[in-house]
Amino acid sequence: MALFNKTKEELLPEQFPEHIAFIMDGNGRWAKKRGLPRKFGHREGAKTFKKITRYCKDIGIKNITFYAFSTENWKRPEDEVSAIIELFREYIVDVRNYIGEEVRVLFLGDKTIFDDDLQKKMNDLEEDTKDYNKMTMLLAINYGGRDEIVHAAKILSEQVKRGEIQPDEITEDMFQKYLYTADVPDVDLMIRPSGELRLSNFLIWQSAYAEFYFTDVLWPDFSPNELDKALIEFGKRSRRFGGV
Ligand code: IPE
Ligand code: IPE
Ligand code: MG
């Protein structure tokens, strides 16, 4: 598969992100521009999610994370929230049809808020795909970066309380294991369409050294071609991780 006229093999490893995160933003504005209700924008955005997932798999990206619904998005009108959750349900039922068989699926966020049957579908999908290693696709739903950090802190505090570890034994690596992303490597490339220049509580720990790519394109209009542009830009960045 051609990637800006080169194959993945022709690129230097550091020019190719191991983990790309997408903030799927701009669905509402996409619909508004067309005089449509916001939920039509979410439906169109979900199609983009499918397209981008397939493309990432084709070009050999190992980990991709999508921000689908934040812990703050519950503030939205009830009908919009339920339209998004319904869409999510539809897409996870159908997941095998568009990602194929070799993709591990993980959900980031607190699942306990969802109906039991939906939680079961999410857990089953994680379990059924846990040994796949062509790509890991992570879907952040009812996800908040701060919530994730507090959640990890609670687990570690319980271990301290039980006397299993001492507070001064806690390391960054140990802490990281209790994040929803657990064994998934840090984000290399964070992509936010729609013109907003912020993280909105997404992967705040994991993107400590991510490269950021912002574009005015609205998520429903985001395409493999737009992703290529982001990858070209990523290839030009000099990543120093605090070194020289
Ligand atoms: C992102 O699109 C999808 C979710 C937050 C669920 P928005 O719905 O935020 O679209 P805009 O930002 O209003 O255009
Ligand atoms: C971030 O987008 C959340 C998702 C894309 C799921 P928002 O539209 O909720 O972010 P803000 O409110 O503009 O910061
Ligand atoms: Mg938005």
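Y209 is partly exposed, with a relative accessibility of 47%; buried means under 20% relative accessible area, exposed over 50%, and partly exposed in between (1.4 Å probe, protein chains only). The model is predicted, so local features need pLDDT of at least 70 and side-chain atom pairs count only at pLDDT 80 or more, while totals for chains, interfaces and linings use all residues. Residues are numbered from 1 along each chain as its sequence is written, and side-chain values use heavy atoms, with hydrogens and water left out.

**Aromatic pairs**

- Rings of Phe, Tyr and Trp (its six-membered ring) pair if their centres lie within 6.5 Å; planes under 30 degrees apart count as stacked, over 60 as edge-to-face and the rest as tilted.
- By this rule there are 20 aromatic pairs.
- Y143 and F202 form an edge-to-face pair, with ring centres 5.9 Å apart and planes at 90 degrees.
- Y143 is buried at 0% relative accessible area, and F202 is buried at 0% as well.
- Y209 and F241 form a tilted pair, 5.4 Å centre to centre with 45 degrees between the planes.
- F241 is partly exposed, at 49% relative accessibility.
- Ring pairs join F22, F49, F66, Y91, Y98, W219 and F222 into a cluster.

**Around N142**

- N142 is buried, at 5% relative accessible area.
- A polar atom of the N142 side chain lies 2.8 Å from the backbone oxygen of D110.
- Beyond its neighbours within four places in sequence, N142 has contacts (heavy atoms within 4.5 Å) with residues including F69, W74, D110 and F114.

Note on methods
Chains are lettered from A and ligands numbered from 1 in the order in which they are written. A polar contact is a pair of N or O atoms within 3.5 Å; within protein, one must be able to donate a hydrogen and the other to accept it, and residues adjacent in sequence count only if both atoms are side-chain atoms.
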